[in-house]
Amino acid sequence: MEKLFGIIAPEGVGAAQFLPVEPAINPPEEKKNLRERLRQALRADLGARLKALDGAYAKRDMQTLGNLFHSLKGSAGYIWPEGALQHMSAELEQAADREDWHTIEKELPGFLNMLNEISEGTIS
């Protein structure tokens, strides 16, 4: 793996020992601009995603729901404060993978509220 990415771990340290990097509490201006561009991209695509989510939910299509939650999880990294949207996307994706309809029904309204706030531009 190290050869593939050109990364050399310190002597005696395996890749599993590296800790994930936490985002800065007050990110530099360029990261704030990136976050805003990501929000704009998600807002532009959100209508289509919500329509697909609604259709998959109505059909109880767990495969499509899981794919949509996974996609939204990837888009959510810099969008919602403290990673709440990304966390909820991951939770719903796992529920779809387990075919846990109860969890999806319970958590989906809060998830949709978050997406609506992004769509309306009410989060900063």
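**Helices and aromatic pairs**

Q: Which residues of α3 are buried?
A: In α3, the buried residues are Met62, Leu65, Gly66, Leu68, Phe69, Leu72 and Ser75. Keep in mind that this is a predicted model.

Q: How many residues does α3 have, and what does it reach from first C-alpha to last?
A: α3 has 14 residues and reaches 20 Å from its first C-alpha to its last, close to the 20 Å expected.

Q: What caps the N-terminal end of α3?
A: Asp61 does, with a side-chain oxygen 3.3 Å from the backbone nitrogen of Gln63.

Q: Back to Phe69. What does it touch, leaving out residues up to four places away in sequence?
A: On that count, Phe69 touches Leu53, Ser89, Leu92, Glu93, Ala96, Leu108 and Phe111. The relative accessible area of Phe69 is 0%, so Phe69 is buried.

Q: Moving to α5. How many residues, and what span?
A: Helix α5 covers residues 101-120, which is 20 residues. From first C-alpha to last, α5 reaches 28 Å, close to the 28 Å expected at 1.5 Å a residue.

Q: Where does the kink in α5 lie?
A: The kink is at Leu108, shortly before the proline Pro109, and comes to about 40 degrees.

Q: And just after α5, which residue takes a positive phi?
A: That is Gly121, with a phi of about 75 degrees.

Q: Which α5 residues are buried?
A: Trp101, Thr103, Ile104, Glu107, Leu108, Phe111, Met114, Leu115 and Ile118.

Q: Why do residues three or four places apart point the same way in an α-helix?
A: Because an α-helix has 3.6 residues a turn.

Q: Thr103 is on that buried list. What is its relative accessibility?
A: Thr103 is at 15% relative accessibility, and buried means under 20%, so Thr103 counts as buried.

Q: What does the Thr103 side chain make a polar contact with?
A: With the side chain of Asp100, at 2.5 Å. Not counting residues up to four places away in sequence, Thr103 also touches Glu91, Leu92, Ala95 and Arg98.

Q: Now the aromatics. How many aromatic pairs does the structure hold?
A: There are two aromatic pairs. One is formed by Tyr57 and Trp101, and this pair is stacked, with 4.9 Å centre to centre and 25 degrees between the planes.

Q: Where do Tyr57 and Trp101 sit?
A: Tyr57 is in helix α2 (residues 29-59) and Trp101 in helix α5, 44 residues apart, and the pair links these distant parts of the chain.

Q: Buried or exposed, that Trp101?
A: Trp101 counts as buried, at 11% relative accessibility. Tyr57 is partly exposed, with a relative accessible area of 27%.

Q: What about Phe69 and Phe111?
A: Phe69 and Phe111 form an aromatic pair that is edge-to-face, with 5.5 Å between centres and 80 degrees between the planes. Phe69 lies in α3 and Phe111 in α5, so the pair ties together parts 42 residues apart in sequence. Phe111 is buried, with a relative accessible area of 0%.

Q: Last topic, the largest nonpolar core. Which residues touch the most other members?
A: Of the 24 residues in that core, Leu65, Phe69, Leu85, Ile104, Phe111 and Ile118 do.

Q: Which helices each supply at least two residues of this core?
A: α2, α3, α4 (84-97) and α5. The one giving the most is α5, with seven residues.

Note on methods: Residues are numbered from 1 along each chain as its sequence is written. This is a predicted model: local features need pLDDT of at least 70, side-chain atom pairs count only at pLDDT 80 or more; totals for chains, interfaces and linings use all residues. Side-chain values use heavy atoms; hydrogens and water are left out. Helices (H or I, at least four residues) and strands (E, at least two) are DSSP runs, numbered from the N terminus. The expected span of a helix is 1.5 Å times one less than its number of residues. The bend at a residue is the angle between axes fitted to the seven residues ending there and the seven starting there. Buried means under 20% relative accessible area, exposed over 50%, partly exposed in between (1.4 Å probe, protein chains only). Rings of Phe, Tyr and Trp (its six-membered ring) pair if their centres lie within 6.5 Å; planes under 30 degrees apart count as stacked, over 60 as edge-to-face and the rest as tilted. A nonpolar core is a set of buried Ala, Val, Leu, Ile, Met, Phe, Trp, Tyr and Cys residues joined through side-chain atoms within 4.5 Å. Contact means heavy atoms within 4.5 Å. A polar contact is a pair of N or O atoms within 3.5 Å; within protein, one must be able to donate a hydrogen and the other to accept it, and residues adjacent in sequence count only if both atoms are side-chain atoms.
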